[in-house]
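Here is a quick tour of one protein model. Keep the 3D view open and find each part as it comes up.

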Amino acid sequence: MSVFAHLVEQLADLLEPLFHACAAAAAIVLFTALVRLLVHPLSRAAARGGRARAALQPRIAELRRRHAKNPEKLRQAVLELHAEEKVSPLSGLLPSLLQLPAFFLLYHLFSNRTIGGAPNGLLDHRLFAAPLGGRWADALADGGVFGAAGVVYLALFAVVAAVATFNYRRTKQMAAAGATAGAGAGAGATAGAGGGGGADGQLPGLDAVGKVMPFMSFLTLFTVAVMPLAAALYMVTSTAWSAVERAVLYR
C-alpha cells in the first residue's frame with residue numbers, strides 16, 4: 001500500500017500548481033480516469049457483446065415459445081445458442097470486476113491512520129473544506145448539512161443523482177425500444193445499456209438483475225455517504241465516466 005500512497009502523492013505534487021490544496025483530490029480523479037482508460041477496451045468488447053446478444057433476441061424469443069413449459073430446457077437451449085454464436089451473457093461484468101482492486105486499494109489507503117508504521121500524510125489532504133479521509137457523518141458533526149464540508153458532499157450527491165437519473169431514463173428508453181423489436185429484446189437492451197451488458201433478460205434467473213439494473217446508479221448515493229471521501233470521489237468519477245461511455249458505446 002505504501003507504493004500506491006507514494007503514487008498518489010506524486011500525482012498530487014504534479015497537479016499542485018493547478019489545483020493547490022485540492023491537488024490530492026484531483027490526483028484521485030486522474031487515477032480513476034487512468035483506470036477507466038485501461039479497462040475501456042473491455043467495455044468496448046462488452047458493448048459489442050451487447051449488440052450481439054440483441055441480435056439473438058428473435059431466436060431466443062422462438063426458444064421461449066418452444067420451451068415455455070420447461071424452464072430448464074429453455075435455459076439449456078439459450079446457453080447452447082450463446083455457445084454456438086460465441087456470445088457470453090456475462091461478458092459485461094469483466095470491466096467492473098477489474099476495477100475492484102483499484103477501488104478497494106484506495107478505500108483502505110484513506111481508511112488507515114498509518115502506512116508502513118508512519119502517519120498517513122494523505123489524510124491531511126482535502127477537497128475544499130472536506131478531508132479526503134473523512135465521511136459524511138464527520139461533515140454533519142462539524143458544521144451540519146450546510147457547513148463548509150457538508151456543502152462538498154451535497155455537491156457530490158447532486159452529481160450522483162443527476163448521473164443516476166440520466167442512466168435510469170436511458171435504460172428505460174432502451175428497454176422500451178427493445179420491447180418493440182420482439183419478446184425478450186427489452187431486457188437484453190436494458191442490461192447492455194444500464195449495466196454494461198452484465199445481465200441478460202433472456203436467461204432464466206437473470207431477469208431480476210435486468211429489472212434492478214436501472215436503479216443501481218442510485219446506490220452510489222449511499223456509498224458516497226458512508227465511505228471515506230477519497231473512495232467516494234472515485235465512485236462519483238467512475239459513475240460519471242460510465243454514463244458517458246455507455247451513451248457513446250450503446251448509441
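**Asn120 and its surroundings**

The side chain of Asn120 comes within 2.9 Å of the backbone oxygen of Asn112. Keep in mind that this is a predicted model.

**Asn120: a loop residue**
- Asn120 sits in the loop that links β2 (118–119) and β3 (126–127).
- The relative accessible area of Asn120 is 5%. Buried means under 20%, so Asn120 counts as buried.
- A polar atom of the Asn120 side chain also lies 3.1 Å from the backbone nitrogen of Leu122.
- Neighbours within four places in sequence set aside, Asn120 is in contact with Leu109, Asn112, Arg113, Thr114 and Ile115.

**Leu105: a helix residue**
- Leu105 belongs to helix α5, which covers residues 93–109.
- Is Leu105 buried, exposed or partly exposed? Its relative accessibility is 31%, so Leu105 counts as partly exposed.
- Leu105 and Phe4 are 101 residues apart in sequence. In space, their C-alpha atoms are 8.0 Å apart.

**Helix α11**
- Helix α11 runs over residues 229–249 and has 21 residues.
- From its first C-alpha to its last, α11 reaches 30 Å. This is close to the 30 Å expected at 1.5 Å a residue.
- Of the 21 residues of α11, 15 are buried, so the helix is largely enclosed by the rest of the structure.

Key:
Residues numbered from 1 in each chain as written. Predicted model: local features only at pLDDT ≥ 70, side-chain atom pairs only at ≥ 80, totals over all residues. Heavy atoms only, no water. Helix = DSSP H or I, 4+ residues; strand = E, 2+ residues; numbered from the N terminus. Buried < 20%, exposed > 50% of the residue type's maximum accessible area, 1.4 Å probe, protein only. Polar contact = N/O pair within 3.5 Å; in protein donor to acceptor, adjacent residues only side chain to side chain. Contact = heavy atoms within 4.5 Å. Expected span 1.5 Å × (residues − 1).
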